[in-house]
Amino acid sequence: MLWEIITAVTLSWARIAAAIILSVSAALVVGIYSGISRRVDRIAIPVLDVLQSVPILGFFPIAVYILAKAIPSVGYEIASIFLIFTCTFWNLAFGVYEGARSIPQTVLEVAELSKLSHTERLRKIYIPATFPKVADQLPASLANAFYFLAASEVMALGEAEVRVAGIGTLILRYQEIGNYEGIVLGILATALSIAAVYLLILTPIISYSDKYRFDVIKPAAGATPSLLRGLYSRFKSIQAPLKVESRRISEAAQRLLPTQFVNVKYMRSDLMRLLLIIFIVASLVLLVPRIYANMDDVWAAIMSVAAAGLRLGLTNVGEALAYSFLRVLACLALMTAFSIPLAYFMSEKPRIRASLLPALQMLAAMPSPLIFPIISSLFEAGALTRELGALLLMALGSIWYVFYSTLSGFSRVHSEYLELAEMYKLSSVQRFRYIYIPFATPSLVTGLITATGGAWNTVIVAERLGEGGAIFEVYSPGLGKMMSTLAEMADTAGLVFTVIVMTVFVILVNRLLWRALYDYSIRALRIHEQV
Amino acid sequence: MNKSEALLELRDVSHGYSLRAGATLRVIENLSLEVRFNEFLGIVGPSGCGKSTILRIMAGLIKPLSGVVTFRGSILNGTTPRISLMHQIPPLLPWLTVRENIALALIARDDLTEEEKRLKVTQFLELVELTGYDSAYPYELSGGMKQRVALARALVTDPDLLLLDEPFSNLDPLTSLSLSREIEYMWLESTLPPISVVMVSHNIEEVVMLADRIIVLGSRPARILAEVPIEMQRPRNKKSEEFYRLVDEVFSLIS
Ligand SMILES: Nc1ncnc2c1ncn2[C@@H]1O[C@H](COP(=O)(O)OP(=O)(O)OP(=O)(O)O)[C@@H](O)[C@H]1O
Ligand SMILES: [Mg+2]
């Protein structure tokens, strides 16, 4: 059994590693180009918004189907990696985007003046400047990958269910056969492996990334008590070879990064426009005859979806949407209320931070099946706790986006501002209000944007939870509950209608509320005009 | 002059920073110096020798690894509103107006009413000739104006000791001349803070222009190479022979 567990953990890690490497590369490309160019920004960010808001659980079966058909041997593996990718990519992409957008104007001007080519700019400015963001977001991505591990290793294909080998499915199997010893061992092995990766890989990456920060809190050196200092330097000497190793890895990574692939000319607007036109023309040429040939079918499909909308009742759908929106908002409030005080506390107490972070990381990475029993007991207890259970489930899926983004925002506070606070004896509250919060607002908003997407995605599961045959649902209406009921009744038209409603609504809220808030905070705080 | 006349005193102070590799960088080694009452003390030395570190220690921002700092006869433990530091690159908060940036220094004071605070800020805005810029944001100001905002913020708390870290390094000669006149005026004027000033600068002419006494530091770890008293009459004439001689003397001590 031990051997079985170790193999499973290794397999899961291999998939997660592949997904994360993919996520980081894609996030760098997308985030940086959206950050640099208003034109790409205008296209890529809405596309990201849409993709992030489409309920993954909705289009996942389609992807699996296509992949399994195309490459039968490894199709499921790729599908699984793809699903992990969808839980690790967004926060990285938005983090990089935010990093690229908050590079000080002076640095960009220097690049302009020294006539750096696009490739040089990427290598010398954008990638190094956004690297800290990647480092900050990696823990959240990792946590999320584990949280959804079981979901990403189980694939439903019509009636059939395919499970790829991994620790998520193994624990699931142990749960089914009631092998509690196995469950405990599996969790322990997972936790241990996470702790090891955190200490040996993530910590060096994060501390290495400090080199690339424009503003860092410098550790109050010399103030360390001598015993601790002794221990610390011993720890450092153990870490030194690791540091070299991690530097070599990251140098290799820099060489490997697809800077060559992203062709310089891609940025040229005329070429870009040409490509876009070719793309549109090609798709029209390919699609129009088909659509025309099947016009009746297409028409019928549209009609049936519209009919489904009428059948469900627009007020019913609207009401469900409103309830779900309230849940999402409450969930965001919950996440903010948790993240800000904790992140603030940890930034004020760097030593506690150092020991608390790995523990939090392990907590964050607890795969979701492990907390299902707690949630379902909440669901059993009554109406109010049922709402709480749903909120908790939604929050746990994306709270780490908010937390790590806030922490990363707080770590941007320049040490001289803190000295100022110390000199004028600002209280914690004043320090928080005048220094920390303004500095962290852009990151906080980024975290909230990502978390909103995550919360909408989990609404489907959270409002109607299946656990060991029993089904629990919230008493009040909800769009997620509606969708999951429709899916169960195989009402495709109704499902499509609700998916469209949800997607359109989420995009509208993102555009009208979050983006506006983000731009406003950047402007109001004069982040670009930093003195 | 006897010992009790020192406003602030460093005795056998040593400090270092721990580097990433685990080693310690010795920045200051057994440094002793005093800042006297009503004194304008200049500190010069090569770049990176530890001048900013010394000012931070004097401000109570850094506790030295060993040695004692006394202020008005008692041991300095942490920061006090009686000592103000003006940073090398003054950290103004981009989201606060000029007035709010200056008022930040008084925000934690509960011995003043809001009205008193407002009046004080107005007074110092006037003194640094920024009346009318109350509601401007830092990015709308020139380098010299930012420096004056920082000066007003450092003085609005009525400090006894003002620590200046290269106050003229980012300024053009004309602006730095007017700023140095302002600093000298506030220090000479007995009704205004501060009592004593410590100024770190690369610009030897400026230091000779302002200081009563100049301490010349050697390269890291910082030690005192020489002490040059400047007993010229004020206001000093930059074109006088004595001035040239003093500037030359300090120059030759550094290089
Ligand atoms: N927080 C810190 N951590 C590690 N090393 C530091 C830190 N602050 C300063 N140092 C190092 O200590 C030395 C002295 O720094 P300091 O800023 O006091 O020099 P300085 O004399 O003010 O230089 P400059 O004239 O360039 O302003 C430098 O070598 C610097 O690299
Ligand atoms: Mg300095």
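Let's start at the shell around ligand 1, where β2 (24–36) and α1 of chain B each supply at least two residues. Of the elements involved, α1(B) gives the most, with three residues. Keep in mind as we go that this is a predicted model.

The shell comprises 15 residues in total, and the closest are B:S47, B:K51, B:S52, B:T53 and B:R220. Sorted by class, seven of the shell residues are polar, four are charged and four are nonpolar. Although the closest residues all carry the chain letter B, the site is shared between chains, because residues from both A and B surround ligand 1.

Next, look at individual atom pairs. An oxygen atom of ligand 1 lies 2.6 Å from a polar side-chain atom of B:S52. For B:S47, the corresponding distance from a polar side-chain atom to a ligand 1 oxygen is 2.7 Å, and for B:Q88 it is 3.1 Å. Taken on its own, ligand 1 has 640 Å² of accessible area, and the protein covers 72% of that.

The magnesium ion (ligand 2) is coordinated by OG of B:S52 and OE1 of B:Q88, at 1.9 to 2.5 Å.

B:S52 has a relative accessibility of 19%, so it counts as buried, under the 20% cut-off. B:Q88, at 31%, is partly exposed.

Technical notes
Residues are numbered from 1 along each chain as its sequence is written. Chains are lettered from A and ligands numbered from 1 in the order in which they are written. This is a predicted model: local features need pLDDT of at least 70, side-chain atom pairs count only at pLDDT 80 or more; totals for chains, interfaces and linings use all residues. Side-chain values use heavy atoms; hydrogens and water are left out. Donors are N, O and S atoms within 2.8 Å of the metal (3.2 Å for Na, K and Ca); water is not among the atoms, so sites may look incomplete. Buried means under 20% relative accessible area, exposed over 50%, partly exposed in between (1.4 Å probe, protein chains only). A residue is near a molecule or strand if one of its heavy atoms lies within 4 Å of it. A polar contact is a pair of N or O atoms within 3.5 Å; within protein, one must be able to donate a hydrogen and the other to accept it, and residues adjacent in sequence count only if both atoms are side-chain atoms. Accessible areas come from the Shrake-Rupley method with a 1.4 Å probe; for residues, only the protein chains shown count as cover. Helices (H or I, at least four residues) and strands (E, at least two) are DSSP runs, numbered from the N terminus. Ala, Val, Leu, Ile, Met, Phe, Trp, Tyr, Cys and Pro count as nonpolar, Asp, Glu, Lys and Arg as charged, and the others, Gly among them, as polar.
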